[in-house]
Amino acid sequence: MRLRLLSCLLFFAASLDAAAGDLYTAINRMRAGDGNCAVVKKLPPLKPKAALERVARDLSQGGDLKQSLQDSGYRAMRSRAFALTGEGVGGYCPQLQDAGMTEVGVYQDAGRIWIVTAAPFATWVAMSGQAAGQRVLDLVNQVRATPRNCGNQAFNAARPVRWNNMLAEASRLHAEDMARHNYLGHRGRDGSDPGQRVQRAGYRYRATGENIAAGRQMNPEDAVAGWIRSPGHCANLMNPRYTDMGAAFAVNARSELGVYWTQAFGTPR
C-alpha cells in the first residue's frame, strides 16, 4: 500500500494542471483508510492551507520546520513534516491518520513530495470560568486522595481542599494580567508575589502557594496533569497544610501562549 500510495502521488505530481488537488485527494484517501492503511475511527479530511504549502516549500529548500511556520505566520499547536521519495515511503499511515492534525500543505519538486500537517493554535477553553474552577478543584482533590512522589519528595494522601472565592479572585487577576501582558511568572508586573496578591483579594493567610501554567493547557485536565509532572507544582497540590483553593484561566489570542492558568492555595489565619 505504501509503495502504491507513493506511485499514486508521484503520478499526480507529474500533472501540473491538477497536481495540488489530486495530491490532497490522495492524502485524504489514505487518511480515510484507503487500501491497507486501516483506520480505527472515521477522521475528517485534512484541509489544505496555503501557509503550510509555503512551509513545505521552505523545507524542500533546507528550511527548519519551526522557523518556517513562524515566517509564514502560521501558529501551530502541533505540527509535523515528512517527504515521500522514490527510495521508500516508510510508515506514514500513522502520520497521515493523526486525529490531532486538521490542516495540510504539500509541495512537490523533482522526485519528492513534501507534506506538512498541523493543528492550528487555539485559544479557547470549552467551559465557563466557574465550571473550569470547579473541575480543577475536583481534580486536585482526586490527586490529594492518593499518596505520591513529587520529584524526590514523598507525600501521604492529604485531606481535600475547599473552594475559596478570594483565592479564586486572586487567581483570576493574575491569570488576566499574564494574558494581557504576554508573560508567565509568579512575580507580577507590579512586583507582587503570590502572598501579596491573595492578601489584596482579602485572604488572610498562614500559608499560601501558587501554581501557574500556559500554552497547550486547553482544559483543567491538562493544567492539573502538567502540575503533577512538575515537582514544585506537585508539592503544592499535595501540601497537607493547605485547606483552601481557588483557580482561574484567562485567554488572549494575540499573546504568545494564548491561555493562562493560575491556582492559589491557602491556609487561613
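Helices (H or I, at least four residues) and strands (E, at least two) are DSSP runs, numbered from the N terminus.

## Basis of the model

This is a predicted model, in which local features need pLDDT of at least 70, side-chain atom pairs count only at pLDDT 80 or more, and totals for chains, interfaces and linings use all residues. Residues are numbered from 1 along each chain as its sequence is written, and side-chain values use heavy atoms, with hydrogens and water left out.

## Overall composition

The chain contains ten helices and ten strands. Of its 269 residues, 46% count as buried (under 20% relative accessible area; exposed is over 50% and partly exposed lies in between, with a 1.4 Å probe and protein chains only). Among contacts (heavy atoms within 4.5 Å) between residues at least 6 apart in sequence, 70% join residues at least 24 apart.

Helix H3 spans residues 50-60, and its buried residues are Ala-51, Leu-52, Val-55, Ala-56 and Leu-59. Seen down the axis of H3, these residues fall within an arc of 145°, so they line one face of the helix; the arc is that of the directions from the helix axis to the C-beta atoms. They pack against helix H4 (65-72) and strands E2 (76-85), E3 (103-109) and E4 (112-120). Just after H3, Gly-62 adopts a positive phi of about 95°.

In H4, Ser-68, Leu-69 and Ser-72 are buried. Their directions fall within an arc of 100° seen down the axis of H4, so they too line one face of the helix. The buried residues of H4 pack against H3 and E2, whereas the face turned away from the buried side carries the exposed residues Lys-66, Gln-70 and Asp-71.

## Loop residue Ala-126

Ala-126 lies in the loop between E4 and H6. Ala-126 counts as exposed because its relative accessibility is 62%. The C-alpha atoms of Ala-126 and Met-218 are separated by 7.9 Å, although the two residues are 92 apart along the chain.

## Packing of H6 and H9

The axes of H6 (residues 129-144) and H9 (residues 220-229) come within 9 Å and cross at roughly 40°. Such axes are lines fitted to C-alpha atoms, for helices over the stretch in contact, and angles run from 0 to 180 degrees between N-to-C directions.

From H6, Ala-132, Arg-135, Val-136, Leu-139 and Val-143 meet Pro-220, Glu-221, Val-224, Trp-227 and Ile-228 of H9. By class, this contact has eight nonpolar, no polar and two charged residues; Ala, Val, Leu, Ile, Met, Phe, Trp, Tyr, Cys and Pro count as nonpolar, Asp, Glu, Lys and Arg as charged, and the others, Gly among them, as polar.
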